[in-house]
Number of protein chains: 2
Amino acid sequence: MIVVKIGGSEGTDVGAICADVAEQIGKGEKFVIVHGGSKETNALSEALGRPPRFVTSVSGQVSRYTDRATLELFAMAVAGKVNTLLVEALQRRGVNAVGLSGLDGRLLEARRKDTIKIVEEGKTKILRDDFTGKIERVNVALLRLLLDQGYTPVIAPLAISTSNEAVNVDGDRAAATIASALGADTLIIFSNVPGLLRDVADPASLIAEIPRARLEEFAGFAAGRMKKKILGAEEALRGGVKEIRLADGRIAHPLRNALEDRCTVIR
Amino acid sequence: MIVVKIGGSEGTDVGAICADVAEQIGKGEKFVIVHGGSKETNALSEALGRPPRFVTSVSGQVSRYTDRATLELFAMAVAGKVNTLLVEALQRRGVNAVGLSGLDGRLLEARRKDTIKIVEEGKTKILRDDFTGKIERVNVALLRLLLDQGYTPVIAPLAISTSNEAVNVDGDRAAATIASALGADTLIIFSNVPGLLRDVADPASLIAEIPRARLEEFAGFAAGRMKKKILGAEEALRGGVKEIRLADGRIAHPLRNALEDRCTVIR
C-alpha cells in the first residue's frame, strides 16, 4: 500500500503522476491519494476579491486563516475543483478513483483548534473564528471497503470536527495520518523541488537518504512548506510507516522516479 | 429505499429535510440523496464576473451552456460547496453521509452531447463545446456497498462521459435514473412550490394525485423548472419506481409532509 500526497504547488505534473499510478496499479499495487489545493484556493480567493490571509502561530507554523467564508471557498477549490479534476485524470488513465473529503463517512475526524494564538506585527493575538483542525481519527474501514473493491480513494484535505463542523486540515499531515492508520509501507510526498535540499537554491544539493534516527538533525535544512512535509514524515514514521519519500512532481515519470530512489528517502 | 432530490432553489430548508431524513433512517429506512446547485453556480459565476448563459434546444429544453471553464465552476459550486455543506448538515444530525459526484467510481456514466442544436434569436445554431451529458449507466454496486455499511450517499449532478470527460447532468433526471437503477420504491423531488399546480400563481391549486396513466395529460400544467421534474417522474415510472412525490422543501418537516401525501403524488 502506497499513500501519495500530490501538492497544489506550481509545476506539479498531475497527469504524469496519474499515469504512473495507473502503471503501478496494473502491477498489483494499491494506492490512496491525498491532495492539496492551496494554489487553487488562493486563485479563487483573489478572483472573488477576497485575497487569502495567512497567520503565523506562536510556534512559528504558517497556516491559512480560515473563517467560515474562507472554509466554503476552500471546499469549492479543493473538494470541488482539485478533487474532481484529479478523479477525472485518473479515470482517463483507467484508475477507478473515488473522490472523498474527510467529512464523507467521517473519514477524517479532527479536533478543531477553537482558539489559535498568532503573532501579528510582533503582538500575540487570539483568533476564535478559525476553522482549522488536527486529525484525531481516520475511518480506515471506509478506505478498506473501497480499496477491497478495486477503487482508489482520492482525498481532499477537509475533515469533520468532533462537533460536526467542516474544518480545513493540512494536506501533508493528513497524508501522514492516513498512511499511519492504513499501515502503509510507503508515503510519497510530491512537491515542486527534488526533495530535501541542503541548499534551497541548489537542486543538486539533494539529500538522498535520511536514517530515521537522524531526521531531527536534517530537519534544519527544511524551509517554508518543506517544514510541514518533514513534520508529516516524523508523524508517519512514529505511526509505523516504513519509508517516506519526498519527491519531485514536475519531472517525467514522477512516481517511478520516486520509487527508484531519485528523491529524499527517510527510513 | 427512498431517493430524495434536494433542489438548489431559493427557500428550500435543507436543515429541515436533513432532520427528517435522520428521523426516517432511525426508523430503518434507507436513503440516497441527489442535489442540485443552480443557485450556487449562478452566484459563483456572477461573483467571478462570468454571468451564466442558458440556451434553449430546438426541442424547447432550457439548459446551462457549459463550456470547460463553466464545468469547472459548476464542479466548485456543486461538488465543492453544496455537496460538502449537505454532508456536514447530515453528519450534524447523526446521518453518516458520504458525498460523491457521478465521476467517483464511474457512479454516473453519461453520453456527452457533443453537439447540441439551440435556438438563439430565432436562428438554429450548433454548439460544439458544451459539456452536458445524459446518464446511461449507474454504478449500483458502489451505492449498495455504501448503503449496506450504513452510509447515506449524497450525489452531486456531475457524470463521467464514455470518453472520460466530466460532464454536467440535470439533477432531477439524475435522481430519477438513480431511483430506477436502485429499484427504489419512492422518489421525492423537493422544490420551492407545493407540487404540481393547476395555476402557477395559486398554491391552493395543488394537484394531489396523478395516476401514472394520466401523467401526460397533467404534464401540460408544468412550467419552467417543473417541466424537467415531470420528465424525471416519467423516466422514474418507466424505470419501475412505484411513486414520485413532487413536494415543498420550504415548509416545516418537508419530508414527513411529503410522505404523508401533502404534495403531488404520481403513481
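The paragraphs below go from the pairing of the chains to a sheet, a helix and a few single residues.

This is a predicted model, in which local features need pLDDT of at least 70 and side-chain atom pairs count only at pLDDT 80 or more, while totals for chains, interfaces and linings use all residues. Residues are numbered from 1 along each chain as its sequence is written, and chains are lettered from A and ligands numbered from 1 in the order in which they are written.

Where the chains meet, 29 residues of chain A are in contact with 29 residues of chain B, contact meaning that the C-beta atoms of two residues, placed from the backbone, lie within 7 Å. On the side of chain A that touches chain B, the elements giving two or more residues are α3 (68–92), β5 (97–102) and β10 (152–161) of chain A; helices (H or I, at least four residues) and strands (E, at least two) are DSSP runs, numbered from the N terminus. The largest share of that side, 12 residues, comes from α3(A). Because 100% of the interface residues of chain A are also interface residues in chain B, the copies meet through the same surface.

Within chain B, an open sheet of four strands runs in the order β4-β3-β7-β8 with antiparallel pairing, two strands being paired if DSSP finds at least two bridges between them. Its edge strands, each pairing on one side only, are β4 (62–64) and β8 (123–127) of chain B. Strand β3 (residues 54–57) of chain B pairs with β4(B) in the antiparallel sense over three bridges, and B:Val55 stands opposite B:Ser63 in β4(B).

Further along chain B comes helix α7 (residues 226–238), whose 13 residues reach 18 Å from the first C-alpha to the last, close to the 18 Å expected at 1.5 Å a residue, the expected span being 1.5 Å times one less than the number of residues. Among the buried residues of α7(B) are B:Met226, B:Ile230 and B:Leu237; a residue is buried if 20 or more other C-beta atoms lie within 10 Å of its own, exposed if 12 or fewer, and partly exposed in between, with C-beta atoms placed from the backbone. The buried residues of α7(B) pack against several elements of chain B, including α5 (171–182) and β14 (243–248). After α7(B) comes B:Gly240, with a positive phi near 100 degrees.

Two residues of chain A that are not glycine also deserve a look. A:Arg106, in the loop between β5 and β6 (108–112) of chain A, has a positive phi of about 55 degrees and is buried, with 21 other C-beta atoms within 10 Å. A:His253, in the loop between β14 (243–248) and α8 (254–259) of chain A, has a positive phi near 45 degrees and, with 16 C-beta neighbours inside 10 Å, counts as partly exposed.
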